[in-house]
Amino acid sequence: MADQATLNTVAAAADASRGSLSGPRGNRPRPLFSTRNIVLYGTLTLAAIYYLVPLYVMVVTSLKSMPEIRMGNIFSPPVEITFEPWVKAWAQACTGLNCDGLSRGFGNSIRITIPSVIISILIASINGYALANWRFKGMETFFTVLVIGAFIPYQVMIYPIVIVLREIGIYGTLSGLIVVHTIFGMPILTLLFRNYFASLPEELFKAARVDGAGFWNIYFRIMLPMSLPIFVVAMIIQITGIWNDFLFGVVFTRPEYYPMTVQLNNIVNSVQGVKEYNVNMAATILTGLVPLIVYFVSGKLFVRGIAAGAVKG
Amino acid sequence: MTDYQVVRRPNTLLRNLNSKIASIPMILTALVVFVGGTVWTVFYSFTNSKLLPRSVFVGFDQYERLWASERWIVSIQNLAIYGFFALIFSFVVGFVLAAFMDQKIRFESVFRTIFLYPFALSFIVTGLVWQWLLNPDFGVQHVVRSLGWTGFTFDPLYTQSIVIYGVLIAALWQGTGLVMVLMLAGLRGIDEDIWKASRVDGIPMVKTYLLIIIPMMRPVFITTLVIVASGIVKVYDLVVAQTSGGPGIASEVPAKYVYDYMFQAQNLGQGFAASTMMLITISIIIIPWAYLEFGGKKRG
């Protein structure tokens, strides 16, 4: 490729850092349409288009009527915009059992996600706090088992959990599913909170100890108020993770409690009736909307949540 | 003096009691669910459990039946093809995108947002979108044909021999952004002086990446590999949404085999045996990594 151009870049970068000592600051001005820029931005733009096309197709398909879909091509914008498919997807679409649309699944997903997020974060943050500040013998071993256990395929542990939940009497209910989400959210969240609390200055903790504060006092009055950003990161991980879950929803709940993803799959892949692609796409967007909103609103914090998964234990 | 008495107190269990109480959920999850559940499943994979778990041992019968089943063989082959190409493509594309993003470009956050948004979506949504895009009567094939190229055929989802590649396309769309972000974080961790030194020595940029930067990023590559690989073994929802394992059994995967035998065919023993095989696959990836990660730390 253009070696000279790349060398210039490196030179410019080097100049920029030297510039802080003397001479003009900032990058050396470069021609706007150099070969390097064309290759660089060209590739990135092409990739961006590839990533955006499915979203675009979803949106246009959901705004077309069925005759228009049969006539035209999936990439063309709708001639006549209709919101009928959206209404149908939300309130009338049929799964094998009933025809009240995705609204039921949405309600279930809300009732699953909110308590699961709160409970799992509360428990994991206390665990992480204990791991960071109140170590006892053997604790790290449990933690290591927990983190390695996160890689065990869920399929290996599903059936024993079914049996235990059935014995307790909450198999098939929303509470059962909430327990399952709390369990499987534990490794990543505990890791996240442990690393965060361990990074806080120890003097703070010691000072509180000297002043006579105990385990819970320090947690609720010092650690918790200081750690809001990490709680937000944990919420992002959990909201998107739990909302997008399919396997646990289908295994641990009865059909009337199915979360949105399961219901969406049942609507789109049901074999009965004529396929209404516009309704299917509207339903798909509706299901993806919550995590997408979380993603676009949270921005850099979402990336931080991902990076947390990659942080060494 | 009082300290002395505290140390001598016989019951050390009560020391740091709050912390122990607070750790109960973690300990229960680690021991009961992760260790206990795994041991339980492996144990019952040697029984002839059908509708309910039964402790009648049949040795390796379930495993023999498993490996004699055509559907399982297809599942394993699919997982191998899917895993191989998913790793190669997501790493190559993810790294190249990250390297491009690292050139102090404008609109970096716009590009990052675009590359990563599919990762926020569920596999169900991903599978359904690509089911639609690859629909032979309306999707890409139809559009290219209507442009005049009437002989054009691109129908992975209804062609047994290539259906797994249709799933692969969707998976790459969803997951490459993650690799890109992890790689970019790794690239940002490289000292600027390395670049200066390579410039002074007159090493071309591509060569610097291949011979200096990538070897330096080994830890990032390993962590990413572990994350991506363990996701690959678990692949389930994507296949359910996009192809339901079809046409025929051409796009079956192990995780789906487990679910179907446990909860639909009511043949628990087969499900347990298949999930144990999944566990073994994961262990091959995880144990060396855990050894490096946790074993190495004690020495260091």
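Accessible areas come from the Shrake-Rupley method with a 1.4 Å probe. The areas below belong to a predicted model.

Q: What is the accessible surface of chain A, and what part belongs to carbon and sulfur atoms?
A: For chain A the accessible surface comes to about 14300 Å². The part that belongs to carbon and sulfur atoms is 67%.

Q: How many helices and strands are there in chain B?
A: The secondary structure of chain B includes zero strands. Its helices number 15.

Q: Why does chain B count as more spread out than a compact globule?
A: For 300 residues the globule rule gives 19 Å. Chain B is well over that value, so it is more spread out than a compact globule. The C-alpha atoms of chain B fill a box of roughly 90 × 65 × 30 Å along the principal axes. The reason lies in the radius of gyration of chain B, which is 25 Å.

Q: What percentage of the residues of chain B count as buried?
A: A residue is buried when its relative accessible area is under 20%. In chain A, which has 313 residues, buried residues make up 51%. Among the 300 residues of chain B, the buried part is 52%.

Q: What share of the contacts in chain B with a separation of 6 or more comes from residues 24 or more positions apart?
A: In chain A, residues 24 or more positions apart account for 70% of the contacts with a separation of 6 or more. For chain B the corresponding share is 65%.

Q: How many residues of chain A are in contact with chain B?
A: On the side of chain B, 95 residues take part in the contact with chain A. On the side of chain A, the number of residues is 99.

Q: Which residues of chain B lose the most area to chain A?
A: The area buried between the two chains is about 8700 Å², and carbon and sulfur atoms give 77% of it. In chain B, three residues together account for 9% of what that side buries. They are B:M26, B:F34 and B:W132.

Q: Is B:F107 buried or exposed?
A: B:F107 is found in the loop between α5 and α6 of chain B, where B:K104 also has its place. Phi is near 55° for B:K104 and near 55° for B:F107, a positive value in a residue other than glycine. A residue is exposed when its relative accessible area is over 50%. B:F107 has a relative accessible area of 53%, and therefore counts as exposed.

Q: Which residues is B:N135 in contact with, leaving aside its neighbours within four places in sequence?
A: B:N135 is in the loop between α7 (123-133) and α8 (140-146) of chain B. At 7% relative accessibility, B:N135 counts as buried. Its contacts, leaving aside neighbours within four places in sequence, are A:Y277 and B:V140.

How values were computed:
Residues are numbered from 1 along each chain as its sequence is written. Chains are lettered from A and ligands numbered from 1 in the order in which they are written. This is a predicted model: local features need pLDDT of at least 70, side-chain atom pairs count only at pLDDT 80 or more; totals for chains, interfaces and linings use all residues. Side-chain values use heavy atoms; hydrogens and water are left out. Buried means under 20% relative accessible area, exposed over 50%, partly exposed in between (1.4 Å probe, protein chains only). Contact means heavy atoms within 4.5 Å. Helices (H or I, at least four residues) and strands (E, at least two) are DSSP runs, numbered from the N terminus. The radius of gyration is taken over C-alpha atoms; the globule rule is 2.2 Å times the number of residues to the power 0.38. Buried area is the accessible area (1.4 Å probe) that two parts lose on being put together, summed over both.
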